[in-house]
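User: I would like to go through this model with you, starting with the helix packing and then moving to individual residues. Shall we begin once it is on screen?

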Amino acid sequence: MAKRRFHICLTLFFTAILCILISFSGARAFAEETANEPETTEDNTGARIVDAPFALSDFSRLQKGSNREIDGAYYGYTYLIGQETGKTVQVISANNKAIVYVPENAANLLELSVTDTSFQANLIACLNHLDAVNNSGGLNLENIKDVIYTSEKRYELDGVAYLFDQKIGDNVYACVIGVNGEDVTDSEAEHYTKPTFLDEANLVKYDSITIGAEKNWFQTTGEFLANLDWSPLWVTLKTTGVAIVFIFILGLLAAYFALSLSGRLRSVLDSIFTIPMVLPPTVCGFILLFLCGRNTHFGEFFINIGFPLIFSWPATVIAAVVVAFPLMYRSALGAFENLDPNLLNSAKTLGWSNGKIFVKLMLPLSWSSIAAGTVLSFARALGEFGATLFLAGNYVGITRTIPIAIYFEWMNGNNDTAWFWTGIVIAVSFLVILFINIWSNRTVRYRRTED
């Protein structure tokens, strides 16, 4: 027994030593890795690496260039750099290649060599980091594996000439053109080339930039929330709050009216009331856009009186009401259909009017299903995107709801903001489902107690 305990202790001792060694080596590797990570300025336009003799400043990323003539001459697909030559590192991305131009004068002043692999590794690390944080959508530089370095102002590759630091008139350009002067961006060109973006930054001394103080999670979150545009939240709450009032009233009245019908008429009416629930939201939005625009007398009337229904805040309410109404209608109709007909008939024999029966009898007995339908309708109106975008558009502070904000923030590369609004919608949806489950369980327990 003692021998067995000794073996167990010995095993645990060596296991602990091994874990310590692994942890130490992992921490050392992490320290070595993070030591080579770029430090950036507070505005993310400058970067440097510890022990590297240079830094980058005034970084910018150009998503689009121009393919027009300049001063009556064609220079190819051009990017406007500025007005000074000889100090700007320029990176042209095309055909999944990146050609990095380092001005010879700037490199000589800092005693750097473009062919030095250490310099290339530090330079591309800084460029990759700055490109990622300034990218507003599209391919990241770090995803391009074929990187070419040059200090020549003209670099030819596969029949295409990449021109850097080109002084044309008062401005400096970077150009992509065929070696014979032809337009290579034409899809029918022999050496078809598709420029995707250009990065540029000034090559300066290491201590020429000021590194921003490292912020903790609390500071970063506070800054993010302080700079966040909260208008999508207020537009969404205002839209959903007004819409749910209309949805609640119209859903109850439509269900009560449908209950009094029978046969084919009820089937047709039920199909009309329910169809927005199965149609794609974009289809609903397109139909609403047609009905509320100048194509109909209805829409033209509101336009003429100065109260247009399209591309305005009321349009967001209309879209939310149309897409969420079927949920309220179906919930209320199902609840009314499950009521005991004998109970309703007994109330009539006592002289109750239809209105009194509806308010005093039908609504209280159906309230559990009606509440669930109201909450589901609220959640559906809150998450409406397609019909709202079609009918109301995307106007910040007016019609931009949270779902629309998520889409356009993602399109603009603001993933942090898109994730924040996504989390808000998920949290609200979770609370809605939790409320319905708790309410249903409470109702079931109450009915079991009664039985």
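User: At roughly what angle do the axes of H5 and helix H11 cross?
Analyst: This is a predicted model. In it, the axes of H5 and H11 (residues 354-365) cross at roughly 115 degrees and come within 13 Å. H5 is therefore roughly perpendicular to H11. The crossing of H5 past H11 is right-handed.

User: Which residues meet there, in H5 and in H11?
Analyst: From H5, Leu-252, Tyr-256 and Leu-259 take part. They meet Asn-354, Phe-358, Met-362 and Leu-363 of H11. By class, this contact has six nonpolar residues, one polar residue and no charged residues.

User: And H5 with H9, at what angle do they pack?
Analyst: Helix H5 (residues 231-259) packs with H9 at an angle of about 40 degrees, and their axes are 6 Å apart. The two helices are therefore oblique to each other. H5 passes H9 in a right-handed crossing. The residues of this contact divide into 24 nonpolar, three polar and two charged.

User: Staying with H9, how is it oriented relative to H12, parallel or antiparallel?
Analyst: H9 (residues 313-337) and H12 (residues 367-382) pack at about 165 degrees, with axes 8 Å apart. Angles over 145 degrees count as roughly antiparallel, so H9 is roughly antiparallel to H12. H9 passes H12 in a right-handed crossing.

User: Which residues of H9 and H12 meet?
Analyst: On the H9 side they include Ala-320, Val-323, Leu-327 and Phe-336. On the H12 side, Ile-370, Gly-373, Leu-376 and Arg-380 are among them. The contact of H9 with H12 has 10 nonpolar, five polar and one charged residues.

User: Changing topic: how many aromatic pairs does the structure hold?
Analyst: The structure holds 19 aromatic pairs. One of them joins Phe-385 and Tyr-407, whose ring centres are 5.6 Å apart with the planes at 55 degrees, so the pair is tilted.

User: Where do Phe-385 and Tyr-407 lie?
Analyst: Phe-385 is in the loop between H12 and H13, whereas Tyr-407 is in helix H14. The pair therefore ties together parts that are 22 residues apart in sequence. Phe-385 is partly exposed at 26% relative accessible area, and Tyr-407 is partly exposed at 34%.

User: What is the geometry of the pair that Tyr-407 forms with Trp-410?
Analyst: The pair of Tyr-407 and Trp-410 is tilted, with 6.5 Å centre to centre and 45 degrees between the planes. Because these two residues are three apart in helix H14, about one helical turn separates them. Trp-410 counts as exposed, at 51% relative accessibility.

User: Which Phe residues do ring pairs link into a cluster?
Analyst: Ring pairs link Phe-298, Phe-301, Phe-302 and Phe-307 into a cluster.

User: Now Thr-399. Is it buried or exposed?
Analyst: Thr-399 is buried, with a relative accessible area of 0%. Its place is in the loop between helix H13 (386-392) and helix H14 (402-411).

User: With which residues is Thr-399 in contact, leaving aside its neighbours within four places in sequence?
Analyst: Thr-399 is in contact with Val-235, Ser-312, Trp-313, Thr-316, Thr-388, Ala-392, Gly-393, Asn-394 and Ile-404.

User: On to the backbone: what is phi of Asn-96?
Analyst: Phi of Asn-96 is near 60 degrees, a positive value in a residue other than glycine. Asn-96 is found in the loop between strand S5 (88-94) and strand S6 (97-101). Asn-96 counts as exposed, at 51% relative accessibility.

User: And what about phi of Asp-158?
Analyst: Phi of Asp-158 is near 55 degrees, again a positive value in a residue other than glycine. Asp-158 lies in the loop between strand S8 (154-157) and strand S9 (160-168). Asp-158 is exposed, with a relative accessible area of 55%.

Technical notes
Residues are numbered from 1 along each chain as its sequence is written. This is a predicted model: local features need pLDDT of at least 70, side-chain atom pairs count only at pLDDT 80 or more; totals for chains, interfaces and linings use all residues. Side-chain values use heavy atoms; hydrogens and water are left out. Helices (H or I, at least four residues) and strands (E, at least two) are DSSP runs, numbered from the N terminus. Buried means under 20% relative accessible area, exposed over 50%, partly exposed in between (1.4 Å probe, protein chains only). Contact means heavy atoms within 4.5 Å. Axes are lines fitted to C-alpha atoms, for helices over the stretch in contact, and angles run from 0 to 180 degrees between N-to-C directions. Angles under 35 degrees count as roughly parallel, over 145 as roughly antiparallel, 65 to 115 as roughly perpendicular and the rest as oblique. A crossing is left-handed if the near helix is turned anticlockwise from the far one by less than a right angle, and right-handed if clockwise. Ala, Val, Leu, Ile, Met, Phe, Trp, Tyr, Cys and Pro count as nonpolar, Asp, Glu, Lys and Arg as charged, and the others, Gly among them, as polar. Rings of Phe, Tyr and Trp (its six-membered ring) pair if their centres lie within 6.5 Å; planes under 30 degrees apart count as stacked, over 60 as edge-to-face and the rest as tilted.
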